[in-house]
Amino acid sequence: MASLLSSAAASHETLPDSFVFPADERPPASSAAVELPVIDLSAPRDEVRRAVLEAGKELGFFQVVNHGVPEEALRDMDAACEEFFALPAEDKAAFYSEDANKPNRLFSGSVYRAGGGERYWRDCLRLACAAFPVDDATRGSWPAKPRRIRDAAERFLVATRALGMELLRLLCEGVGLRHDYFDGELSGGDVIVNVNHYPPCPDPARTLGLPPHCDRNLITLLRQGDVPGLQVAYRGGDWIDVRPVPGAFVVNFGHQLEARIRQSFSEYYGNACDIATNGLLKSVEHRAIPDATRPRTSVATFIMPTEDCLVAPAEELVAAAGEGPRYRAVTFRDFMEVYKAVGARRESVEKAFKI
């Protein structure tokens, strides 16, 4: 518990050396005015479908508005998360764990070292849900304080999962798969909510809140909050700041989605994408930067396959593309073992699974 950056007893007048990254591992964001596409999900369906596919091809990230997640659910989740991190240490102690295998826990990037020994300026509350509707056992595994957090987390998790599944249906329609292709085991694993809390940092230019990485899951929906800090890798290796859009979710594709759709579309779209998806939709690296004066809290929902789900290109799309798969098929469980071993950088994961 003493390692929590958000602890009331923590002092952040100077940045400890253990949080400092070498300059070449934290290049500054580009000054170029690059904006993520903002997609209005209330627009005609054909228009939305085209916009989602174009965003997937060009950037791998986009923002959605008019998404159907109730505003009250967003406000309640924001308030509950803020209250959680403001709790006295003794109220959070029972939920704190450094066991990475625990699905529900509070932990800190201050005790998880990167390859070079650096630490990350982040605390995280992780909540998992394996059953829908949410059952009593799941709710009972979440924090009891603050009082509103279990109800708020349930409403938020259910609504964001529904949004993610609708976006997956749009993708299926756009690439020629049946609309329910991602139902079942492909999206039937735990749904994870990470509440990432970045306290004010005395020297944010010299550290990272999260390192560059690609998500391991199927699709991610991020409520970024009002304080910027998310940065996305852009063409040529530049990093771009993601400007917060009020009420929006930032959406990005994980390795599992790319592994299903990608290579198959290389013929049509050119070599715009690489990994196991066989052709179109990219899992793009991103990172987080803390702020000097303001705390930043973001809430990410991750939709996962089941552990026994086979990670491989959709057979229908490989056949349509007229070329064999470029990446070997593995179960999600085996994928995760490799992912943990080689790190979350795109190049490392891609190399590990290339045929």
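How does strand β7 pair with β10, and over how many bridges? The two run antiparallel, and four bridges hold the pairing. Keep in mind that this is a predicted model, so everything below is read off predicted coordinates.

Let's stay with β10 for a moment. The strand covers residues 249–253, and five of its five residues are buried, so the rest of the structure largely encloses it. In a regular strand, side chains alternate between the two faces of the sheet. You can follow that here: Phe249, Val251 and Phe253 sit on one side, Val250 and Asn252 on the other, and all of them are buried, leaving both faces of β10 covered.

Now look at the strands paired with β10. One is β7 (residues 219–223), where Leu222 stands opposite Val250 of β10. Another is β2 (residues 61–65), which also pairs with β10 in the antiparallel sense over four bridges. Within that pairing, Gln63 stands opposite Val250, and Val64 stands opposite Phe249.

Moving on to β2 itself, five of its five residues are buried, which leaves the strand mostly covered. Phe61, Gln63 and Val65 point one way, while Phe62 and Val64 point the other way, and all are buried. β2 also pairs with β1: these two run parallel and are joined by three bridges. Asp40 is the residue that stands opposite Val65 there. To get from β1 to β2 the chain passes through helix α1 (residues 45–58), and this β-α-β crossover is right-handed.

Next, the aromatic rings. A search of the whole structure turns up six aromatic pairs. Take Phe19 and Trp121: their ring centres are 5.0 Å apart and their planes are at 70°, and since an angle over 60 degrees counts as edge-to-face, that is the label this pair gets. Phe19 is in the segment before β1 (38–40) and Trp121 is in the loop between β3 (105–108) and β4 (123–129), so the contact ties together parts that are 102 residues apart in sequence. What about burial? With under 20% relative accessible area as the cut-off, Phe19 counts as buried because its value is 5%, and Trp121 is buried too, at 1%.

Phe84 and Phe85 form another of the pairs, with centres 5.3 Å apart and planes at 90°, so this one is edge-to-face as well. Phe84 counts as buried at 1% relative accessibility, and Phe85 is buried with a relative accessible area of 6%.

The charged end of Arg105 sits over the ring of Phe107, 4.0 Å from its centre. Arg161 does likewise with Phe132, its charged end sitting over the ring at 4.5 Å from the centre.

Conventions
Residues numbered from 1 in each chain as written. Predicted model: local features only at pLDDT ≥ 70, side-chain atom pairs only at ≥ 80, totals over all residues. Heavy atoms only, no water. Phe/Tyr/Trp six-rings, centres within 6.5 Å; stacked < 30°, edge-to-face > 60°. Buried < 20%, exposed > 50% of the residue type's maximum accessible area, 1.4 Å probe, protein only. Lys NZ or Arg CZ within 6 Å of the ring centre and 35° of its normal. Pairing = 2+ DSSP bridges. Right-handed = clockwise from strand over helix to strand, strands pointing away.
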